[in-house]
Amino acid sequence: MRTPLYPAVDELERQARALATAAPEVLRLRTVGESRAGRPLWLLSAGRGDRQILTVAGAHANEPVGGASALRLARLLARRPRDLERLRCTWHFLLCLDPDGARLAHGWQPEEPEPSLEECHRNFYRPAFACQPESLPAPGGDRGPLPESATLVRLLDELRPVAQFTLHGIEVGGAFMMSTREVPGVAPAFRETAARLRIPLDRHPCDGPDWHLDPPGVLLLPGDRSEDERDPSGFVAESTWLYPRRHGTLTVLVEAPAWCAPAVSDARPAVAPEREIARVNKVLLGRTRELAAVLDERASTAAVPADLLPLREAARELVDVVPSLVDTWAAEEHSAHQGHFATLGIAARRIPLRAAAMMRRALARTAPEASDTLANLVREWCQELQKSYDLRWVPVSAQTGLHVRTMIDTARLVCATGG
């Protein structure tokens, strides 16, 4: 049977169970909680050292590469347990933080070496912000943490890890990492790994607008900033990235693109930054208006089956944040290099593309005509994105390689300093 390049939730469990059965002296598998729908949250642990390291995969439903990376590293540690002994650590893998979202997003399996960006978006789903379990409620808010979030927080309090890795995978762009503190040697090692794997670095990611940029491709958390984490779209929450700082934990987020865009690495000066940001915002607003024209009153009020409601809600949220995002981009001070505006240009195309892809799925049963029109938009926008940024597929082995190598290098450097 062909092994999926991106294992689904059931496949993650099956492979983890097989690994633990084959190497019981090194690996152990247990459940640590349940999702909102009652699905188990699986923790695979390797080694028995006194230092704890935690890897979190599957925090976002549209980023299945993290589970593949977690299994790859667990498989490596099972073959080389002395690596764990040298680090004096137990390495834990939370295989999928959002199994409910992952099930709704599952369906696309890339056929290498030439997978389809359009095919990828036929099954696209990324939850609305409040349903993303790495985002804890903002202080003073009226909602409690999601069960998945509560499980992760409980695990962080139990383990008090020296390092937490959170594995992400964007559809289009460049590689980057975010770190809650600077560890000498980590950023150069990450850049060297990306270069060896031929993955362009995003010189200035859109993520972490409040973080300090260490170009290319690295964001560092300023030591004097507040506990509140701001999403690029303006939402504020207390993040599980920041939560374990109370235990002295280093959190490192590693982003691996499925399709890389070399333009995001372009360090040449931008001739007219104000004109560039105006062009980016024009694309975002224009495509949002085009999407709204399809979603007329009949389509936008069409009944949606209960199992597809999360798709509609997530799509509506993306459309609703566009005006504030345009204002934010217009007001911010932007890096004056061309790679930064390539990153923003991709984001301006990605937001309406994601919304159209999710709305197409949501309306497929009850408003098929609108769904077909949205499918045409998705096709057209994918082709334009591919052509405009000369996209290149990053083999899954390279995507997981970026995750695995960065985790290993970082763990060695952190443990070497006595973390």
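**Note on the predicted model: cavities, pocket, helices and strands**

1. The second largest cavity is lined by Leu 73, Leu 76, Leu 77, Asp 83, Leu 84, Leu 87, Trp 91, Ile 408 and Arg 412. A cavity here is a set of points, on a 1 Å grid over the protein atoms alone, where a 1.4 Å probe fits but cannot get out, and lining residues have an atom within 4 Å of a point. Its volume is about 60 Å³, where volume is the space filled by probe spheres set on the points, and grid points are joined across faces, edges and corners. By class the lining has 7 nonpolar, no polar and 2 charged residues. Ala, Val, Leu, Ile, Met, Phe, Trp, Tyr, Cys and Pro count as nonpolar, Asp, Glu, Lys and Arg as charged, and the others, Gly among them, as polar. Helix H2 (65-79), helix H3 (81-87) and helix H13 (396-416) each supply at least two residues of this lining. Helices (H or I, at least four residues) and strands (E, at least two) are DSSP runs, numbered from the N terminus.

2. On provenance: this is a predicted model, in which local features need pLDDT of at least 70 and side-chain atom pairs count only at pLDDT 80 or more, while totals for chains, interfaces and linings use all residues. Residues are numbered from 1 along each chain as its sequence is written, and side-chain values use heavy atoms, with hydrogens and water left out.

3. The structure holds 3 cavities of 30 Å³ or more. The largest cavity has about 80 Å³ of space. It is lined by 13 residues, of which Ile 170, Val 172, Asp 202, Thr 343 and Arg 350 are the closest to its centre. Strand E7 and helix H11 (338-363) each supply at least two residues of the lining, and H11 gives the largest share, 3 residues. The lining divides into 7 nonpolar, 3 polar and 3 charged residues.

4. The second largest pocket holds about 460 Å³ of space. Of its 35 lining residues, the closest to the centre are Ala 61, Asn 62, Glu 63, Pro 64 and Ala 105. A pocket is an open set of points with protein on both sides within 12 Å along at least five of seven lines. Helix H1 (9-22), H2 and helix H4 (99-105) each supply at least two residues of the lining. The classes are 21 nonpolar, 10 polar and 4 charged.

5. Helix H10 (residues 309-331) has 23 residues and reaches 34 Å from its first C-alpha to its last, close to the 33 Å expected at 1.5 Å a residue; the expected span is 1.5 Å times one less than the number of residues. A kink of about 40 degrees lies at Val 322, shortly before the proline Pro 323. The bend at a residue is the angle between axes fitted to the seven residues ending there and the seven starting there. Buried residues of H10 include Leu 311, Leu 318, Val 322, Leu 325 and Trp 329, where buried means under 20% relative accessible area, exposed over 50%, and partly exposed in between (1.4 Å probe, protein chains only).

6. Helix H6 (residues 147-159) has 13 residues that should span 18 Å at 1.5 Å a residue, and its end C-alpha atoms are 18 Å apart, which agrees. Among its buried residues are Glu 148, Leu 152, Leu 155 and Leu 159. Just after H6, Arg 160 takes a positive phi of about 45 degrees.

7. Strand E1 (residues 27-34) and strand E2 pair in the antiparallel sense over 7 bridges; two strands pair if DSSP finds at least two bridges between them. Gly 33 stands opposite Leu 41 in E2. The hairpin of E1 and E2 has 5 residues between the strands, and Gly 38 in the hairpin takes a positive phi near 90 degrees. E2 (residues 40-46) is mostly covered, with 6 of its 7 residues buried. E2 also pairs antiparallel with strand E4 (residues 89-94) over 4 bridges, where Ser 45 stands opposite His 92.

8. An open sheet of 3 strands has the order E7-E14-E15, with mixed pairing. Its edge strands, E7 (172-173) and E15 (392-393), each pair on one side only. Strand E14 (residues 259-260) and E15 run antiparallel and are joined by 2 bridges, with Trp 259 opposite Trp 393.

9. Glu 182 lies in the loop between strand E8 (176-179) and helix H7 (186-196). Glu 182 is exposed, with a relative accessible area of 59%.
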